[in-house]
Amino acid sequence: MIEGIVKQAPILAIVIPLLMSTLIPLLGRKHTIIRNTLAFLGPLGSIAVLSLLINPVFDGGQRIIYMLGGRIPPFGINLVVDSLSLLLAILASGLTLLAVIYSYKYMKKYTGLVQYYALVMLLMAGILGIILTGDLFNLFVFLEIMAISAYALVAFTTGKEQVEAAFKFQVLSTIGTLGVLIGIALLYAMTGTLNMADLAQRIPLVGQSPIFSFALVFFLLGFGLKAAMVPLHSWLPDAHPAAPSPISALLSGVVIKTGVYGLARVIFTIYGVSMVAIHPFLLAVLALGVATMVVGGLMAMVQVDIKRMLAFSSISQMGYILFGIGIATGLAITGAIFHVLNHAIMKALLFMCAGVIVYRIGTRDMSKLGGLAKKMPVTALGFLVGGLAIAGIPPFNGFWSKLMLYIAGFQSGNSLAAVVAILMSVITLGYFLRFFQQIFLGKLPKNLEEVKEAPLAMLLPIVILILLCILIGLYPQVFMNLSQSATNAVLDQTGYIRSVLG
Amino acid sequence: MIANLNYVMAAVIFTVGLYAVLVKRDLIKIIIGIGFMEYGVNLFWISLGYRTGGTAPIITPGEVSHTASWVPQTTLVDPIPQALVLTAIVIGLGTTVLLIAIAVRAYQRYGTFDIQKMRELKE
């Protein structure tokens with residue numbers, strides 16, 4: 001029984017949330033409890049089946065290959081679970097689980113919640129599909145599944161702001177996915193295959209061609225847009241604040257990370273560093289990464305809307321991750337992957353704290369807030385921990401990943417970029433402390449005297465995330481090793497080819 | 001030139017769509033532009049699979065001896081891009097429907113399809 005589940009685990013991880021997204025509208029209309037349970041079981045089931053793979057993948061260093069329909073690669077679609085996929089898949093399912101728990105109370109006042117939970121499950125299935133697939137066209141399909149549910153979730157409350165943001169989000173994001181599709185078409189035209197391992201094998205055989213560079217540019221455009229890379233970031237500060245807060249946490253936590261994941265897969269697994277390094281492509285990623293962190297950070301400073309500020313801060317942190325990918329040394333990629341993990345946790349925490357304010361007070365305008373620390377101690381603590389972690393202050397988790405990125409920057413001779421990265425961290429600390437002081441300290445406005453702390457269902461995910469921030473900060477070695485093994489998996493091109501094609 | 005005409009057309013259709021998305025202020029025209037871009041990419045995909053003088057890749061039972069070394073007698077077009085484009089068209093339908101749904105909502109909220117006016121109304 002267990003053995004059978006282990007064998008089917010990669011596909012089950014995608015199918016379980018997909019199944020829930022159909023079961024919720026079918027069974028969950030009458031009774032809230034059925035709907036909520038099904039929505040809870042989706043991510044929980046995925047975590048359960050994925051955790052069966054932890055032992056062989058992380059400890060054994062294996063890649064689990066799942067052949068859909070039993071077709072031997074390179075024919076048919078196959079799923080590949082390596083350390084990077086597994087790490088991100090568990091992260092995505094875990095965050096979805098927390099977002100679902102948070103939504104029970106937060107979304108209570110809205111109607112159409114059956115559709116809401118169904119969309120959340122669909123979003124999660126799309127993310128897991130992108131992360132686990134070993135086929136490039138399949139990646140595009142899952143990218144669209146994820147994106148379409150994300151648009152619908154942004155527009156979910158159908159206010160003026162939501163509708164406009166969702167439209168902008170969808171138009172720009174569709175251009176991004178079309179860019180990815182053109183890149184895939186160019187690769188297919190050159191090699192005649194869509195399987196990632198087969199592509200990795202055939203690209204060196206075809207040899208140098210300007211078409212490959214051309215395809216790479218389209219991938220950078222498409223995945224860069226998904227990852228909110230400057231100058232393709234303009235949709236994010238509208239879309240992420242407009243979405244309901246648990247969805248903002250998911251969007252900033254994992255959805256934008258899929259862009260970076262796609263880029264890393266294309267650069268390191270399909271092309272291989274040596275192939276990409278011929279052009280100044282990695283330098284471009286590095287430069288755009290630095291630009292992203294600077295623009296995001298500077299724009300975050302001048303915001304008055306708390307969720308908009310967090311959205312710009314997300315852009316800034318995506319810059320750090322792109323910075324790591326652009327340097328492309330082992331340490332830099334490890335730092336980038338570790339930062340993906342850390343940023344997902346702390347940004348989800350921050351968005352959930354902002355959600356408490358929206359839920360209890362109903363405003364996102366920070367200038368109308370003040371002195372809330374007395375009324376909402378846990379939320380205040382969460383915001384403080386998240387802010388300090390994101391600025392890279394020890395002993396929180398962000399410190400370690402940022403430290404790795406700085407060291408990697410100096411070691412690889414990109415001192416200037418590393419100095420900018422450190423400087424932006426200082427600025428990040430500055431604005432987070434200022435906003436913390438504005439919201440939670442100082443004088444409590446008269447109309448806020450009746451404000452209470454968040455309900456338990458919303459506090460639980462916040463407390464879990466606070467503990468994770470501190471725990472990873474205190475015991476970074478475990479997670480560094482995980483990121484290290486993910487880096488080894490993504491850089492080991494020949495191993496990838498061998499384990500898929502046999 | 002003639003042989004590459006479909007690639008040129010794909011690029012032209014894509015660019016027309018991109019122009020509409022970037023320049024037009026009407027939501028519906030932007031949606032049409034997105035549709036153009038999608039079909040430009042689809043045409044590109046289909047062109048990749050085309051072989052001059054090729055026939056449909058359908059193999060009848062008498063024709064094939066089930067050995068690995070079997071080579072078709074006639075040129076066949078590449079069926080994979082066709083299957084992929086079919087998928088892309090279906091996805092395109094989904095995105096278009098959602099875009100139109102959002103645009104209709106926007107019209108209900110703002111009373112206009114004009115992006116510029118929406119921005120003014122929001123303030």
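Reader: Is His343(A) buried or exposed, and why does it count as such?

Author: The model is a predicted one. In it, His343(A) counts as buried because its relative accessibility is 0%, and the cut-off for that word is under 20%. The residue has its place in helix H15 of chain A. Leaving out residues up to four places away in sequence, His343(A) touches Ser252(A), Lys257(A), Ser314(A), Gln317(A), Ala348(A) and Ile390(A).

The largest nonpolar core has 212 residues, and the members that touch the most others are Leu187(A), Tyr271(A), Phe383(A) and Trp45(B). Helix H15 of chain A, residues 330–360, gives the most to this core, with 19 residues. Apart from neighbours within four places in sequence, its contacts are Leu187(A), Phe212(A), Ala215(A), Leu216(A), Val266(A), Val276(A) and Gln493(A). Another core, of 14 residues, lies apart from the largest one and includes Leu286(A), Phe323(A), Ile327(A) and Ala417(A).

Arg364(A) lies in the loop between H15 and helix H16 (377–391) of chain A. With a relative accessibility of 18%, Arg364(A) counts as buried. Its side chain meets that of Glu161(A) in a salt bridge, at 3.0 Å from N to O. Glu161(A) sits in helix H7 of chain A, 203 residues away from Arg364(A), and the pair links distant parts of the chain. Glu161(A) is partly exposed because its relative accessible area is 28%.

Arg364(A) also forms a salt bridge with Asp305(A), at 2.7 Å from N to O. Asp305(A) lies in the loop between helix H13 (281–301) and helix H14 (306–327) of chain A, so this pair ties together parts that are 59 residues apart in sequence. Both Asp305(A) and Arg364(A) are buried. Over all chains, the structure has ten salt bridges. Elsewhere, a network of salt bridges links Arg63(A), Asp82(A), Arg265(A) and Asp492(A).

Helix H7, where Glu161(A) sits, leads on to the other chain. Chain A and chain B bury about 2900 Å² between them, with 80% of that area on carbon and sulfur atoms. In total, 29 residues of chain A are in contact with 33 residues of chain B. There are zero salt bridges between the two chains, and four residue pairs are in polar contact.

Chain B itself has four helices and zero strands. Of its 123 residues, 33% are buried. Within chain B, Asp114(B) forms a salt bridge with Arg25(B), and the closest N and O atoms are 3.1 Å apart. The two residues are 89 residues apart: Asp114(B) is in the loop between helix H3 (79–110) and helix H4 (115–122), and Arg25(B) is in the loop between helix H1 (5–23) and helix H2 (27–49). Asp114(B) is buried, at a relative accessible area of 15%, whereas Arg25(B) is partly exposed, at 43%.

Definitions and conventions: Residues are numbered from 1 along each chain as its sequence is written. Chains are lettered from A and ligands numbered from 1 in the order in which they are written. This is a predicted model: local features need pLDDT of at least 70, side-chain atom pairs count only at pLDDT 80 or more; totals for chains, interfaces and linings use all residues. Side-chain values use heavy atoms; hydrogens and water are left out. Contact means heavy atoms within 4.5 Å. Buried area is the accessible area (1.4 Å probe) that two parts lose on being put together, summed over both. A salt bridge is a side-chain nitrogen of Lys or Arg within 4 Å of a carboxyl oxygen of Asp or Glu. A polar contact is a pair of N or O atoms within 3.5 Å; within protein, one must be able to donate a hydrogen and the other to accept it, and residues adjacent in sequence count only if both atoms are side-chain atoms. A nonpolar core is a set of buried Ala, Val, Leu, Ile, Met, Phe, Trp, Tyr and Cys residues joined through side-chain atoms within 4.5 Å. Buried means under 20% relative accessible area, exposed over 50%, partly exposed in between (1.4 Å probe, protein chains only).
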